[in-house]
Amino acid sequence: MLNVPSQAFPAPGSQQRVASQGRSKVPLKQGRSLMDWIRLTRSGKDLTGQKGRLIDVTEDELKTHNKKDDCWICIRGLVYNVSPYMEYHPGGEDELMRAAGADGTDLFNEVHRWVNYESMLKECLVGRMATKPAAPKGMYPKSQVTDTLPREDPSSPSYDWFQTESSVTIVIYTKRKNINLASVMVDLQDDSLRAEVVINDHSYLIHIELSHEVQENFSVRVIENVGKVDVILQKRENIPWKCLGQPLEKHDSFIPKKDAGLYYRKCQLISKEDVTHDTRLFCLMLPPSTHLQVPVGHHVYLKLSVTGAEIVKPYTPVSESLLSDFKEPVLPPNKYIYFLIKIYPDGLFTPELDRLQIGDFVSVSSPEGNFKLSRLQEVEDLFLLAAGTGFTPMVNVLNYSLTHMSSLRKVKLMFFNKTEDDIIWRCQLEKLAFKDKRFDIEFVLSAPSSEWNGKRGHVSPALLSEFLQRSLENSRVFLCICGPTPFTDEGIRLLHDLNFDTEEIHGFTA
């Protein structure tokens, strides 16, 4: 355990000491305001001295960093190099030095519990403690029941937990940066907690039978640049837990994603509406005790029992509509998942799906897929080729590109169908093209009516050569294609013939 400084904090003569009029602040030098600190953290300068590496810090190592120009402090298990922050601290340098080279969690909680230190100091993060520091005041120590043997690989994820009077927080240290909410899936069923974090092509799993009952609503928080995940549970009874619970199958495992298997949860059918003569928009509601966000370009599996057998089919979720305002949501993503699904009258799965009544349940898997948003970085021209319901993965790619890609000059969709009646969301696509001048849509029909004035035929060199015009001669391009397997295979072959590299093409599986 770390030796926590025993001095009163703030110090008796400190200007940070709370008085009846409130807490005074130490006057800061010019150029040392909060905005100046934010600018510094965004400058790209290495504020940790670790060149971007996250390390495990031993107690002995922490103790050596106890000077103003070399000051490391541990807060709730995370170690920060606060030397760059010294002159920006409103309470003065002396207050930070009270916890230099030690665990400052108790000191922090007495004065700064409301401060979002993880955001303020995220660029100063050195790593986490190799051994757990003393528990903060008002919290209870971690149980030894669910501990596992130390991993040989120090870069493997790990977890910890702490509690307050009314809550339990499970902390997952992925030891990777740029983890986001879509990387995390949490399911709480009958006090059995399953929390999975996808890290590149691996899966880290926490699977525990909790020692006490909790409420069904919980929250998930991700510190992306740190790679830390908090799962915050609310106790049903405000009593201290002596242990977190008992480990279940594959608890604390870190294995290749392909070996992890699929996990399903039951989702309720909320609505379904006709989009075309044979395509429906289904809306499913996740259980209140589930956190699940499907990454852009990924799919899930729907599972139904058909004549006594379980049938599974992959589908890519879509947004409710293309005609959003393309703004970041004010509230966390909602609990609904939408699917555009073509009903095949002679099929086995889709007629059964179509027969479901509002209120019935469908099992939905965790997300799968290999599409990486990093491939869209700095892309200037994005070309989308879709046939039929191969349009579905393009919906969120299109939404993401118009919302998040600052480098984007043009995104073009060539949409292949048989007849005009088969075109999904035609009106919305045309309105979007009118609303956002960066977007162009071209429809191609293989069996059009005589009144059709648009393009005709199947995917071909002539159609693609005309369509794939860059906005600038040497602009960075990326192409996505999805449809029936023959369409996708032929399209990729033609793209290669047109001298597009494999790294510039992603083929989705319809």
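**Exercise 1.** Determine the strand order of the open sheet of four strands and identify its edge strands.

*Solution.* Step 1: in this predicted model, the open sheet has the order E9-E10-E15-E14 with antiparallel pairing; strands are DSSP runs of E with at least two residues, helices runs of H or I with at least four, both numbered from the N terminus. Two strands pair if DSSP finds at least two bridges between them. Step 2: strands E9 (158-163) and E14 (214-223) each pair on one side only, which makes them the edges. Step 3: between E9 and E10 (residues 167-173), six bridges form the antiparallel pairing. Glutamine 163 has valine 168 in E10 as its bridge partner.

Residues are numbered from 1 along each chain as its sequence is written.

**Exercise 2.** Locate the buried residues of helix H1.

*Solution.* Step 1: in H1 (residues 34-41), Trp37, Leu40 and Thr41 are buried (under 20% relative accessible area, 1.4 Å probe, protein chains only). Step 2: these residues lie on the same side of H1 because they cover an arc of only 95° around the axis (taken from the directions from the helix axis to the C-beta atoms).

**Exercise 3.** State the mean pLDDT of the protein.

*Solution.* The mean pLDDT (the predictor's confidence in each residue, from 0 to 100) is 86, and 86% of the residues reach 70 or more.

Technical notes:
This is a predicted model: local features need pLDDT of at least 70, side-chain atom pairs count only at pLDDT 80 or more; totals for chains, interfaces and linings use all residues. Side-chain values use heavy atoms; hydrogens and water are left out. Buried means under 20% relative accessible area, exposed over 50%, partly exposed in between (1.4 Å probe, protein chains only).
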